[in-house]
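This briefing goes through a few selected residues and the nonpolar core. Please keep the sequence and the model in view while reading.

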Amino acid sequence: MNREEITALLPHREDMLLIEEAYRKEDGSAEAFYTVRGDEFFLRGHFPDYPVVPGVILCEMIAQSACVLLQGDVGDMAGKTPFYTGIDNVRFRSQVRPGDRVRTVVTLTGKKACFYFIHGELYVGDKLCVKGDFSFAVVDASRA
């Protein structure tokens with residue numbers, strides 16, 4: 001998926017659209033990419049002399065990647081909104097800084113009704129930066 005296709009899938013818009021390209025893989029996982037430019041709003045104050053992508057933003061990158069994964073499981077995501085319902089066992093192992101190209105890998109670990117459980121990992125190159133378990137409720141946008 002390119003940026004235009006991602007925009008059609010996700011309800012997020014600038015400045016919160018945090019994936020640039022994405023792929024749903026044959027093994028049932030999804031992979032997405034984002035290059036940290038250095039001019040993003042979240043870097044202006046975190047930290048001015050040593051910019052580091054905040055952990056909550058890294059988790060959001062994983063969440064947006066999960067939408068690509070759920071597109072195949074939920075079906076068409078148009079008219080649906082994913083909401084976080086949980087973030088568990090998250091570990092931050094390495095910093096993400098301007099110029100880094102982030103790669104996320106997400107897999108579905110379970111589902112129950114409108115609730116989806118995802119394991120996500122975020123890398124820069126081959127270096128694992130973040131991993132954790134995330135849950136989402138996918139609801140009709142009209143009910144959100």
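**Selected residues and the nonpolar core**

Leaving out residues up to four places away in sequence, Pro51 touches Leu43, His46, Arg97 and Pro98, where contact means heavy atoms within 4.5 Å. The model is a predicted one, in which local features need pLDDT of at least 70 and side-chain atom pairs count only at pLDDT 80 or more, while totals for chains, interfaces and linings use all residues. Residues are numbered from 1 along each chain as its sequence is written, and side-chain values use heavy atoms, with hydrogens and water left out.

**Pro51**

- Pro51 is found in the loop between β2 (30–35) and α2; helices (H or I, at least four residues) and strands (E, at least two) are DSSP runs, numbered from the N terminus.
- Between Pro51 and Arg24, which are 27 residues apart in sequence, the C-alpha to C-alpha distance is 31 Å.

**His12 and Glu60**

- His12 is placed in the loop between α1 (3–9) and β1 (21–24), whereas Glu60 is found in helix α2 (residues 55–74).
- His12 counts as buried because its relative accessibility is 18%, and Glu60 counts as buried at 13%; the classes are buried under 20% relative accessible area, exposed over 50% and partly exposed in between, with a 1.4 Å probe and protein chains only.
- The side chains of His12 and Glu60 make a polar contact at 3.0 Å, a term for a pair of N or O atoms within 3.5 Å of which, within protein, one must be able to donate a hydrogen and the other to accept it, with residues adjacent in sequence counting only if both atoms are side-chain atoms.
- Beyond its neighbours within four places in sequence, His12 is in contact with Leu17, Glu60 and Gln64, while Glu60, not counting residues up to four places away, touches His12, Met16, Leu18 and Tyr84.

**Nonpolar core**

- The largest nonpolar core has 37 residues, and those with the most contacts inside it are Val53, Met61, Val96 and Leu122; such a core is a set of buried Ala, Val, Leu, Ile, Met, Phe, Trp, Tyr and Cys residues joined through side-chain atoms within 4.5 Å.
- Two or more residues of this core come from each of α1, β2, α2, β4 (101–112), β5 (115–124) and β6 (127–140), and α2 gives the most, with 11 residues.

**Ser65**

- Ser65 lies in helix α2 and is buried, with a relative accessible area of 0%.
- Not counting residues up to four places away in sequence, Ser65 touches Ile19, Ala30, Ala32, Thr104 and Val106.
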